[in-house]
Amino acid sequence: MRLYRTLCPIFFLFMILFIVSCIPGNGDAVDLKRLTSARLTYRFKVIYAAPRDGRGYHYHDLDGDGKSESIHIDNQENIAIGAPSYLHIADVPFDNVICRFNFKGPISNAGVGDYDKDGIKELFISEQVQDTVYVHVLKYSNRSIQRTHRFVGAVKPVRNVFNQYPWFCGLTLKALVDWNHDQVLDGVFSINTSYAYQPRGLLIYDFKNRRVLLEHPGGYRGNEFVTGDFNLDGEESILFGTTAPGNAGGMKINGTDDHHSYLIHAEKKGGTVSIEKIGAQGTSVNVYRADLNDDGFPEILFRFKTFTEQKADNYIQFINPLTLALTSRKWSRPAVLNACDFIDGNGDGRIDMVLGWQDGLLEIRDYDLQGIRQVRFKDTAIKNLCVANLTGDENREIIVNAAVQGEPWVVLLSSSLNVLGIWPGFSLQHGNEFYYPEFGARPLLAMHSLDQYQIVGIQKNAFLTGVISGLNRFHVFMGTLFLCLLGAAVVFNKIRTKHGRALIEGLVEGHCDPAFAADASGMLHAVNRFCDLLFHYAPYTSVGKPCSVLLTGDCWAELREWLNESLAAAEAIRRREFTITLNDEPRDFLVTVYGCPATRNRDDFKLVTLQDLTGLAQSRRTVAWATMARRLAHEIKTPLATVMLTAQRLQMECDAGESRKIETRRFTRRIVGQVQRLREMTDAFLKFCRIEKPQLESLDPNTVIRDV
């Protein structure tokens, strides 16, 4: 007992020290170089590997059959001379090319989307033919590809200060919205060019009527787009940010220039475009939309990033969704903010922001900009990140593209920012998460290095290595010590419990009357065999159950109430007699409840005994009747003796005289006769009340059995 009380504080102290030691402080940095992939929870399994030959790879389920197709963009080496390019569509991974589409100039993947809502996604390809950029809309179905649309997206400007340089331009599909209410979605594209060539900006194309609905050129490069009915007027709006590379010499087109970054808001109503200047040269603005406070109305925020000044404040700032005005809710740090995405970081069902910084800090913040958790990586720059469900469970994971001492790394983290897996030497192609039934229900990833292209999946490592991962030697020592103390405490507690139970059972079985042990709550710990004769309940089936399983029926109601009170009472011993009617016969019991001294703790349990006093009570009544009869006989015999003496004297006097002799003799004879009668009755009553000694004699049980 003393050892147990000594071990408990030590056990809890080491447990607290172990937990505290495993929580990284703000100053602790995770050294990815010291981690081993085999000792982490997950590892990346290579499914397909190919030499990197300049082709672009993308994966989408184009025909809606539940598995992704591989899209290969094969541009020739010298794209400036207008050499032909090819688009290949193959089964995942690359082995079976299904069809090919030829182009005259260099091409790029502009995105995918189902604008006609027929369940088959269209593939948008941007093609540059000399000074004109075309957008091709391709539909893949029945293992063949057909072009449904082709329109001009951009044209090289005639006059420009950079005409001596090659011109490269491309369009990217950002969203699909029904801009003109014709029940068909329209394409929202961003136009991006190299250097300061115009046009850059926004283009909305009507696929149904084959015309441009809105074109807003400008001296900027469009980043992430968000769409929605921001001001609740029933009309769609578009909001996006721009980048200011600062290489256009300050030229302004439509009020914008390459020396500032902007927030651009395009409204369907009236076709107006509003511009909000945010930063100076070398800055970028990216817009996001997410329901952070779980009120059904998504919030709008933007990420402000700097390129030239590494110590300048980068920040996340909220925008009023109704007025699109900047609010004062901002979180900033003097570091470059490279990435932002959303995940449930604390398990409360609400999504939170996950931010990746250039100095290796990865943090999660909630709607109120309060920090939930963070981790810092040593000698690491976080380039970008995305959130996906790669493990197939209910939780989502964070995939980080990082540069560890200049080398590209892919790091997989949980929502609690624990490192689950690493893939050194490779970078993740964002937006290329895809599925293929033959590889299981979990998604696959496309990664590339300087000389290789790979398709990888996530595979779980052994349980033990996953538990040990991420712990240094001190943590391992503390954990081992913690487990040893825990095991010692469990074994000691089992031995103590077994010894105490043996004492209880021995104490209960030693009684020759019905007896059982119960704690203060009325739970049975031990029951002897005599309880079966009295309560008709098997002792081995009642242990661990309440006392009410023994004392069933209305006849035990008074005893049950008193017993519950006595078990919870502080007295060392309590006694009371009860008369219980069993089988229509009253029986007397003396019930005793007292603490068991064997446990050294009188509050652990109490012993209850039921002594049957029915025979003893009958004997007591018989003795009482006999005593009363003796006293009664004594009280009767005394006056009878007096009457008898008086009558005898009267008789003697009558014999002496002669007067009235006959009559007097007759009366006296009557008195003597009645008194004699009373004496006989008294003697008979005394004989009845006299307790005779029992006469013992031998008896043959076989004779008794035959008589029965």
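Reader: Leaving aside its neighbours within four places in sequence, which residues is L524 in contact with?

Author: In this predicted model, L524 is in contact with F516, A517, A518, S542, V543, G544, K545, P546, C547, V549 and L550. Each of these counts as a contact because heavy atoms lie within 4.5 Å.

Reader: What is the place of L524 in the largest nonpolar core?

Author: L524 is among the residues with the most contacts inside that core, together with F516, F535, W556, L559, V608 and L610. The core has 24 residues.

Reader: Which elements give two or more residues to this core, and which gives the most?

Author: Two or more residues come from each of β35 (515-518), β36 (524-527), α4 (530-535), α6 (557-568), β37 (573-582), β38 (585-595) and β39 (606-612). Helix α6 gives the most, with four residues. Apart from this core lies another, of 23 residues, including I382, I398, V400 and V419.

Reader: Why is T609 called buried?

Author: The relative accessibility of T609 is 11%. Buried means under 20%, so T609 counts as buried. T609 lies in strand β39. Leaving aside neighbours within four places in sequence, T609 is in contact with H511, P514, A515, L590, V591, T592 and Y594.

Reader: What makes F124 and F207 an aromatic pair, and why is the pair called tilted?

Author: The ring centres of F124 and F207 are 5.6 Å apart, and the cut-off for a pair is 6.5 Å. The planes are 45 degrees apart; an angle under 30 degrees would count as stacked and one over 60 as edge-to-face, so the pair is tilted.

Reader: Where in the chain do F124 and F207 lie, and are they buried or exposed?

Author: F124 is in strand β7 (residues 122-129), whereas F207 is in the loop between β12 (200-206) and β13 (211-218). The pair links distant parts of the chain, 83 residues apart. F124 has a relative accessible area of 0% and is therefore buried; F207, at 2%, is buried as well.

Reader: Which residues form a nonpolar patch on the surface with V490?

Author: The patch is formed by L483, L486 and V490, which together have about 240 Å² of accessible area.

Technical notes. Residues are numbered from 1 along each chain as its sequence is written. This is a predicted model: local features need pLDDT of at least 70, side-chain atom pairs count only at pLDDT 80 or more; totals for chains, interfaces and linings use all residues. Side-chain values use heavy atoms; hydrogens and water are left out. A nonpolar core is a set of buried Ala, Val, Leu, Ile, Met, Phe, Trp, Tyr and Cys residues joined through side-chain atoms within 4.5 Å. Buried means under 20% relative accessible area, exposed over 50%, partly exposed in between (1.4 Å probe, protein chains only). Patches are made of residues with over 30% relative accessible area and no salt bridge: like charges are joined within 9 Å, nonpolar side chains (Val, Leu, Ile, Met, Phe, Trp, Tyr) within 5 Å. Accessible areas come from the Shrake-Rupley method with a 1.4 Å probe; for residues, only the protein chains shown count as cover. A salt bridge is a side-chain nitrogen of Lys or Arg within 4 Å of a carboxyl oxygen of Asp or Glu. Rings of Phe, Tyr and Trp (its six-membered ring) pair if their centres lie within 6.5 Å; planes under 30 degrees apart count as stacked, over 60 as edge-to-face and the rest as tilted.
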